[in-house]
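Please read the points below alongside the sequence and the coordinates.

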Amino acid sequence: MTTTADQEKVLRTYAEAARTAHDALTALDQLSGDGDFGDNLRGGLDGVVAALDARPADAPFTVAAGVFLDEVGGTSGPLIGLLFQEIGRALAAHGDGREGWAEGVREGLAAIQRVGEAEPGDRTMVDALAPARDALAAGAGFADTARAALAGARATAGIKARRGRASYLGERALGAPDPGATGVALLFWSLARAAEPDADLGTVADVMGGPATS
């Protein structure tokens, strides 16, 4: 039987995870960026939740894409909006199962790379998205896809940035994972939590590698 993921539950789980991880994401971004990633992700997803409450008949990821593309600032907001947009299109075409997610993540990653020109190994959100894309393409379930994304995000701790503000810091950003990759990995953690609640994925604090408070 094909596992499906309720779109709205995924987004609400993601919003809760972003609230819990806010301080840790902010601390990561203060090491390598403007320090606003935690605010942008939490604020954007809180906006998504409010929009879902106001527009219950609309497709959840289409709603989420609109919020991030139109209302969320920083470098990450529009990129996450593009990812949501492509996921929404694919889920509308193929349903809420693995096939829809595989296409949505593949096309979302391609859109992000067209705009940002980042490649795996550049220490960006692409380092979490590319392993998730590959896992889904290989037939992995949502929990294993989340594990692949999390492993990709954690691996950025040992990568010298070649894109974004962190690229100006050289080796000073080494030792801590990229906040964008970590935030995107939380999306796949949320997907797996919503679709496969019995999977052993740990808590948000485990994902962040230490205490994470709201």
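1. Basis of the note. This is a predicted model, in which local features need pLDDT of at least 70 and side-chain atom pairs count only at pLDDT 80 or more, while totals for chains, interfaces and linings use all residues. Residues are numbered from 1 along each chain as its sequence is written, and side-chain values use heavy atoms, with hydrogens and water left out.

2. Helices α1 and α8. The axes of these two helices come within 9 Å and cross at roughly 160 degrees, which makes α1 roughly antiparallel to α8. Here helices are DSSP runs of H or I with at least four residues, and strands are runs of E with at least two, both numbered from the N terminus. Axes are lines fitted to C-alpha atoms, for helices over the stretch in contact, and angles run from 0 to 180 degrees between N-to-C directions. Angles under 35 degrees count as roughly parallel, over 145 as roughly antiparallel, 65 to 115 as roughly perpendicular, and the rest as oblique. The crossing of α1 and α8 is right-handed, a term for a near helix turned clockwise from the far one by less than a right angle, anticlockwise being left-handed.

3. Residues between α1 and α8. By class, the contact of α1 with α8 has 13 nonpolar, five polar and three charged residues. In this scheme Ala, Val, Leu, Ile, Met, Phe, Trp, Tyr, Cys and Pro are nonpolar, Asp, Glu, Lys and Arg are charged, and the others, Gly among them, are polar.

4. Helices α2 and α4. Helix α2 and helix α4 (residues 76-94) pack at an angle of about 40 degrees, with their axes 10 Å apart, and this makes α2 oblique to α4. The crossing in which α2 passes α4 is right-handed. Phe37, Asn40, Leu41 and Leu45 in α2 meet Ser76, Ile80 and Phe84 in α4, and the residues of this contact divide into five nonpolar, two polar and no charged.

5. Is Asn40, at 16% relative accessibility, buried or exposed? Asn40 counts as buried at that value, given that buried means under 20% relative accessible area, exposed over 50%, and partly exposed in between, with a 1.4 Å probe and protein chains only. Asn40 lies in helix α2 (residues 37-54) and, not counting residues up to four places away in sequence, touches Phe68, Val72, Gly73, Gly74 and Ser76. Ile80, in helix α4, is buried with a relative accessible area of 3%, and with the same exclusion of residues up to four places away in sequence, Ile80 touches Phe37, Leu41, Phe68 and Met125.

6. Thr156. This residue lies in the loop between α7 and α8 (179-195), and at 0% relative accessibility Thr156 counts as buried. Leaving aside neighbours within four places in sequence, Thr156 is in contact with Arg123, Asp127, Ala176, Pro177, Asp178 and Ala181.

7. A search of the whole structure finds nine salt bridges, each a side-chain nitrogen of Lys or Arg within 4 Å of a carboxyl oxygen of Asp or Glu. In one of them the side chains of Arg19 and Asp46 meet at 2.7 Å, N to O. Arg19 lies in helix α1 (residues 7-32) and Asp46 in helix α2, so the pair ties together parts that are 27 residues apart in sequence. Arg19 is partly exposed, with a relative accessible area of 31%, and Asp46 is partly exposed at 30%.

8. Further salt bridges. Arg147 and Asp144 meet through their side chains at 2.7 Å, N to O, and both lie in helix α7 (residues 142-155), three residues apart, about one turn of the helix. Arg147 counts as partly exposed at 36% relative accessibility, as does Asp144 at 45%. Salt bridges that share partners join Glu8, Arg12 and Asp53 into one network. Asp134 forms a salt bridge with Arg133, the closest N and O atoms being 2.9 Å apart; Asp134 is partly exposed, with a relative accessible area of 41%, and Arg133 is partly exposed at 25%.

How values were computed:
Contact means heavy atoms within 4.5 Å.
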